[in-house]
Amino acid sequence: MNSWATRRQFSNFAGSAALFASTSAHSAVAQTISAETKAADGSHARTFPKGFYWGAATSAYQIEGAWNEDGKGASVWDTYTHQPGNIKNNDNGDVANDHYHRYKEDVALLKDIGATAYRFSIAWPRILPEGTGQANPKGLDFYSRLVDELTAAGIEPFATLYHWDLPQTLQDKYGGWQSKDTANAFADYAGYIAAQLGDRVKHFFTINEFRSFVEGGYQGFDIRVGGGKTVHLGGAPGLRLSNAELNQVRHHAVLGHGLAVQAIRARGRAGIKVGFAENMLTAVPVMEAPAYIKAAETATRELNADFTTVMLEGRYTDAYLKRNGKDAPTFTDDELKIIASPLDFVGINVYKPNVYVTPSDDPAGYSRIPINASHPKMQSEWHVFDPACLYWAPHHVQSLWGATSIFITENGCGASDVIADDGKVYDSDRIMFLRAYLTQLQRATADGVPVDGYFLWSAQDNFEWMDGFGNRFGLVYVDFKTQKRTPKLSAQWFRETARRNAVA
Ligand code: PNW
């Protein structure tokens, strides 16, 4: 039977692998790898484990277009972008990369850049225009054709079930994730997809970035940027809830994840693997010394109490409940068990260090060091540059929760890419970023951290949410007027890295 049926003890989570449904021979592999990392000339070859997936990622709303075609229902992002003033230049995803019609060309490009895996998301309102009830066969058919095209190209499909495009009907009916009804509807949809595509898709991510869509969409948040300025980040559905209401939304989102895991196990074939893809907040130790590393682990566990920690431990930390007081979510023990349904892997989106920490004698066990105003950044205002986060994020996931399989579900950067006179795109900063970050990821695998694959965000330039089309994250440049695709220099770099299975 499926592994969730043999769910193990929840009381005994700390530092153990108890919540993971499958184990891997990974640490043995990692040990042999460290011996292999010397190249013939004695230099450090920075090789990744055998069978490591080299992937690129996208999401439905950001690339598909065809927003109201073939029976698709509206999503909260369709509604939100159609209201003037919400998005830079009033851009929207109505057409975006027109991927819905150009998916064959896009799969060929993925093959060209040497990807062995592709992480895409499925638009819930394309499958269930009303969120629940009658499925739309044309919507399903699109993903079925996409999966066949990928398989034929030798690219492993990894499907994300929710990358923020909630059916508008569920927003109108239930207030979206403010209600448990949405969590239940999500599980029904997830089970349906597993039943329909699970013969060919073997890896599913339930929800992408809980923190981003919950905090951005249901309250909005101010982030501090250079020069003491703050930027307000929002997103669909554009609500401004109280802290108590927001905590309940958080709880319903993780509950939806857990219910979906169970539905996928119940309705998909044996052997399907499932996890989440969260932008876990990562604490980086100021120094690589035991007390500092411990402080960074403690901080990471606590900073993620509302999402990653509760999903992997099955309880809210005491400090989280205390901190939130009367604003804490209401929940039952049964819900906590569902939320922590055993997973096959943990997916983390890693872009930046969220805090630097040092040890501390106060009860928290760590103190936060502010990020200096002059700290280097990539193009996005929020994008603090520090490759070490791609070492520490998976390291913490293993040491805190005993994960036996980890995927980096997103990593990459925006850059001010332009087509040069010779028709090429010279994104030297992206290559610098990737080389530096992947060197740290390789270090993690060489140290025995069980990372099984890496997905670069993004396969192509696309609709970058509040920033519209102005912020380019792709390995492939897209001219949004003509839909012409031009692989950037970083695409060549990625191809060489994937080919060598080592940092190029
Ligand atoms: C992710 N941060 O969002 C999303 O999953 C993608 O859809 C998005 O296009 C991509 O990263 C690039 O932005 C993030 O503030 C939003 O650290 C915010 C942050 C990171 C990622």
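## Ground rules and surface

Accessible areas come from the Shrake-Rupley method with a 1.4 Å probe, and for residues only the protein chains shown count as cover. On that basis the surface of the chain comes to about 19100 Å², and carbon and sulfur atoms hold 50% of it.

This is a predicted model, in which local features need pLDDT of at least 70, side-chain atom pairs count only at pLDDT 80 or more, and totals for chains, interfaces and linings use all residues. Residues are numbered from 1 along each chain as its sequence is written, and side-chain values use heavy atoms, without hydrogens and water.

## Overall form

The C-alpha atoms fill a box of roughly 60 × 55 × 55 Å along the principal axes. Of the 504 residues, 61% count as buried (under 20% relative accessible area; exposed is over 50%, partly exposed in between; 1.4 Å probe, protein chains only).

## Salt bridges

Under the rule used here, a side-chain nitrogen of Lys or Arg lies within 4 Å of a carboxyl oxygen of Asp or Glu. The count comes to 25 salt bridges.

One of them joins R126 to E64, with the closest N and O atoms 2.9 Å apart. The partners sit 62 residues apart, R126 in helix α5 and E64 in the loop between α2 and α3; helices are DSSP runs of H or I, at least four residues, numbered from the N terminus. R126 is buried at 1%, and E64 is buried at 3%.

Another pair is D427 with R430, at 2.8 Å. D427 is buried at 0% relative accessibility, as is R430 at 1%.

Key
Helices (H or I, at least four residues) and strands (E, at least two) are DSSP runs, numbered from the N terminus.
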